[in-house]
Amino acid sequence: MLRHFLGTGLLFSGYINPAFSRTFGTVTAAATKMSLDQAKKIAAFKAVDEYVRDNTVVGVGSGSTVVYAVQRLAERVKTEGLKLVCIPTSFQARQLIIEGGLVLGDLEQHPRIHCAIDGADEVDADMVLIKGGGGCLLQEKIVASCADQLVVIADYTKNSKKLGEQYKKGIPIEVVPMAYVPIRNRVAAKYGGKLNLRMAVAKAGPVVTDNGNFILDWHFPEGGDFDWDAVNRDIMMIPGVVETGLFVKMASKAYFGLADGSVTERSA
Ligand SMILES: O=C[C@H](O)[C@H](O)[C@H](O)COP(=O)(O)O
């Protein structure tokens with residue numbers, strides 16, 4: 001019966017009957033996830049449809065939302081015969097491109113990207129992004145910096161007025177392993193908050209990025225009025241910092257999929 005309910009799609013229109021929710025609590029969590037996945041998908045499809053043109057080089061971001069962007073790119077290549085070269089931002093993105101039957105490229109051959117499509121952990125009112133929840137910030141920022149346009153795709157939980165409003169896992173900072181303690185101390189001394197070395201889940205010890213580095217997640221003080229551009233530049237000056245997950249003045253457009261099946265947009 002539950003399978004039947006899930007199959008109808010009625011649960012995923014953004015409204016979940018409270019009585020149903022009380023009765024089938026565990027199913028509610030699944031339904032919410034499905035609704036979030038739907039939100040990611042509609043944002044990703046819209047971005048690909050509105051920004052990707054024939055004979056272009058596309059930057060492919062990382063994370064769960066980008067999976068839908070690659071799905072749509074593959075569909076359009078098949079149905080419209082688009083000629084695209086895709087530049088990955090991580091090992092995951094590279095695999096998605098290959099599995100989707102898309103043409104894989106790199107920055108050596110294609111240093112100019114027409115459009116990069118990527119997810120985000122949070123987007124504020126000024127289009128400042130937190131990225132790197134999945135540890136892929138360095139290559140994502142390199143690819144975004146080579147793109148004429150960075151288009152963000154996300155579900156509604158990423159849309160904030162201020163950073164930290166919704167995303168509670170902090171700003172990722174990729175660091176050279178030997179320097180993680182002095183970097184942690186310097187950032188905390190200057191700006192406050194707490195920096196946690198990100199630990200792996202299915203491995204003992206810290207997360208090691210695609211580039212062989214560690215990640216510090218900076219839980220900056222709540223309610224602080226930060227000039228993120230200045231903070232980003234400042235942290236980047238600390239020896240051993242490889243990159244931050246603060247993307248300032250990089251994104252030109254953001255698409256947020258909503259629970260009601262619509263997509264809202266924000267432009268820089
Ligand atoms: O390192 C990961 C990337 O910055 C992702 O783009 C970001 O974490 C958003 O991922 P998701 O689409 O899974 O929320």
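Helix H7 is followed by Gly192, whose phi is positive, near 80 degrees; helices here (H or I, at least four residues) and strands (E, at least two) are DSSP runs, numbered from the N terminus. This is a predicted model, in which local features need pLDDT of at least 70 and side-chain atom pairs count only at pLDDT 80 or more, while totals for chains, interfaces and linings use all residues. Residues are numbered from 1 along each chain as its sequence is written.

H7 itself covers residues 180-191, and because its twelve residues at 1.5 Å a residue should span 16 Å, the 16 Å between its end C-alpha atoms agrees with expectation, the expected span being 1.5 Å times one less than the number of residues. Pro182 lies in this helix and is partly exposed, with 13 other C-beta atoms within 10 Å. On this scale a residue is buried if 20 or more other C-beta atoms lie within 10 Å of its own, exposed if 12 or fewer, and partly exposed in between, with C-beta atoms placed from the backbone. From Pro182 to Met236 the separation is 54 residues in sequence and 14 Å in space, C-alpha to C-alpha.

For the protein chain as a whole, the secondary structure comes to eight helices and 13 strands, and 40% of its 268 residues count as buried. Among its contacts with a separation of 6 or more, 73% join residues 24 or more positions apart, a contact being two residues whose C-beta atoms, placed from the backbone, lie within 7 Å.

Six of the strands form an open sheet of mixed pairing, in the order E2-E1-E3-E6-E12-E13, where two strands pair if DSSP finds at least two bridges between them. Strand E2 (84-88) and strand E13 (263-267) stand at the edges with a single partner strand each, so one side of each is left without a neighbour in the sheet. From one strand to the next the twist averages 20 degrees; axes are lines fitted to C-alpha atoms, for helices over the stretch in contact, and angles run from 0 to 180 degrees between N-to-C directions. Helix H5 (residues 91-99) packs on the sheet, touching strand E1 (56-60) and E2, and its direction makes about 155 degrees with that of E2.

E1 pairs with E2 in the parallel sense over five bridges, and Val57 has Val85 in E2 as its bridge partner. Since four of the five residues of E1 are buried, this strand is largely enclosed by the rest of the structure. Strand E3 (residues 113-118) and strand E6 (residues 147-155) also pair in the parallel sense over five bridges, with Val152 in E6 as the bridge partner of Asp118.

Asn55, in the loop between helix H3 (25-51) and E1, has a positive phi near 55 degrees although it is a residue other than glycine, and it is exposed, with 9 other C-beta atoms within 10 Å. Lys249, in the loop between strand E11 (246-247) and strand E12 (251-257), is not a glycine either and has a positive phi of about 55 degrees; with 12 C-beta neighbours inside 10 Å, Lys249 counts as exposed.

Around the ligand there are 17 residues, of which Gly63, Ser64, Gly119, Gly133 and Gly134 come nearest, a residue being near a molecule if its C-beta atom, placed from the backbone, lies within 6 Å of it. By class, this shell has three nonpolar, ten polar and four charged residues, where Ala, Val, Leu, Ile, Met, Phe, Trp, Tyr, Cys and Pro count as nonpolar, Asp, Glu, Lys and Arg as charged, and the others, Gly among them, as polar.
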